[in-house]
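The sequence and structure come first.

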Amino acid sequence: AMEIYLHNPWLTYSIGLHRLREAGLAPEVVDNLDERPLTLDEIHQLCQNLFVGDDGESDIPLPPYQPTQGSQLRRRSWVNNWQI
């Protein structure tokens, strides 16, 4: 959990997510959690998979992620603040 926190401190790495990874059932993007910070596209994909599902069939789908120049700058400054 510490390795994941060092790269993605915004994520609470629960025992449920850990069990999904152990069983090989977690979404592909989860494999990168302990290797590097996720990109905004990957964060959107992870939320889509965890909260909506792979098929995208939900009563309340997530809005599509549309990056803007401002969002990239805010994320970079936020990530820089968390570097150790």
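## Terms and model

A residue is called buried when its relative accessible area is under 20%, exposed when that area is over 50%, and partly exposed in between. Arg-21, at 25% relative accessibility, therefore counts as partly exposed. The model is predicted.

## Overall make-up

The protein has 4 helices and 0 strands. Read from the N terminus, the order of elements is α-α-α-α. Of the 84 residues in the protein, 29% are buried.

The protein exposes about 6,100 Å², and carbon and sulfur atoms supply 54% of that area. Among contacts between residues at least 6 apart in sequence, 47% join residues at least 24 apart.

In soluble globular proteins, nonpolar side chains tend to be buried together. Here the largest nonpolar core has 12 residues: Ile-4, Leu-11, Tyr-13, Leu-17, Ala-26, Val-29, Val-30, Leu-33, Leu-38, Leu-40, Ile-43 and Leu-46. Helix H3, residues 40-52, gives the largest share of this core, with 3 residues.

Leu-46 is one of the core residues. Setting aside residues up to four places away in sequence, Leu-46 touches Trp-10, Val-29, Val-30 and Leu-38.

## Helix H3

Gly-53 follows H3 and has a positive phi, near 115 degrees.

The buried residues of H3 are Leu-40, Glu-42, Ile-43, Leu-46, Gln-48, Asn-49 and Val-52. This list includes the polar residues Gln-48 and Asn-49 as well as Glu-42. Glu-42 has a relative accessible area of 14% and is buried because the limit is under 20%. Its contacts, leaving aside neighbours within four places in sequence, are Val-29, Asn-32, Arg-36 and Pro-37. Of these, Val-29 also belongs to the largest nonpolar core.

## Surface patch

Leu-20, Leu-25, Leu-50 and Phe-51 form a nonpolar patch on the surface. Together these four residues have about 420 Å² of accessible area.

Leu-20 sits in helix H2, which covers residues 15-23. With 31% relative accessibility, Leu-20 counts as partly exposed.

## Salt bridges

Side chains of opposite charge can pair when their charged atoms come close. The structure holds 3 salt bridges.

One of them joins the side chains of Glu-22 and Arg-19, at 2.9 Å from N to O. Both residues lie in helix H2, 3 residues apart, or about one turn of the helix. An α-helix has 3.6 residues a turn, so residues three or four places apart point the same way. Glu-22 is exposed, with a relative accessible area of 52%, whereas Arg-19 is partly exposed at 48%.

Another salt bridge pairs Asp-34 with Arg-21, whose closest N and O atoms are 3.6 Å apart. Asp-34 lies in the loop between H2 and H3 while Arg-21 lies in helix H2, so this pair ties together parts that are 13 residues apart in sequence. Asp-34 has 23% relative accessibility and counts as partly exposed.

## Arg-36 and its surroundings

Which residue does the side chain of Arg-36 meet in a salt bridge? The partner is Glu-42, with an N to O distance of 2.6 Å. Arg-36 is in the loop between H2 and H3, and Glu-42 is in helix H3. Arg-36 counts as partly exposed at 31% relative accessibility, whereas Glu-42 is buried at 14%.

Beyond residues up to four places away in sequence, Arg-36 touches His-7, Asn-8 and Glu-42. The C-alpha atom of Arg-36 is separated by 8.6 Å from that of Leu-6, although these two residues are 30 apart along the chain.

Key
Residues numbered from 1 in each chain as written. Predicted model: local features only at pLDDT ≥ 70, side-chain atom pairs only at ≥ 80, totals over all residues. Heavy atoms only, no water. Core = buried A, V, L, I, M, F, W, Y, C linked by side-chain atoms within 4.5 Å. Buried < 20%, exposed > 50% of the residue type's maximum accessible area, 1.4 Å probe, protein only. Helix = DSSP H or I, 4+ residues; strand = E, 2+ residues; numbered from the N terminus. Contact = heavy atoms within 4.5 Å. Patch = residues over 30% accessible without salt bridge, like charges linked within 9 Å, V, L, I, M, F, W, Y side chains within 5 Å. Areas by Shrake-Rupley, 256 points an atom, 1.4 Å probe, with all protein chains shown as cover.
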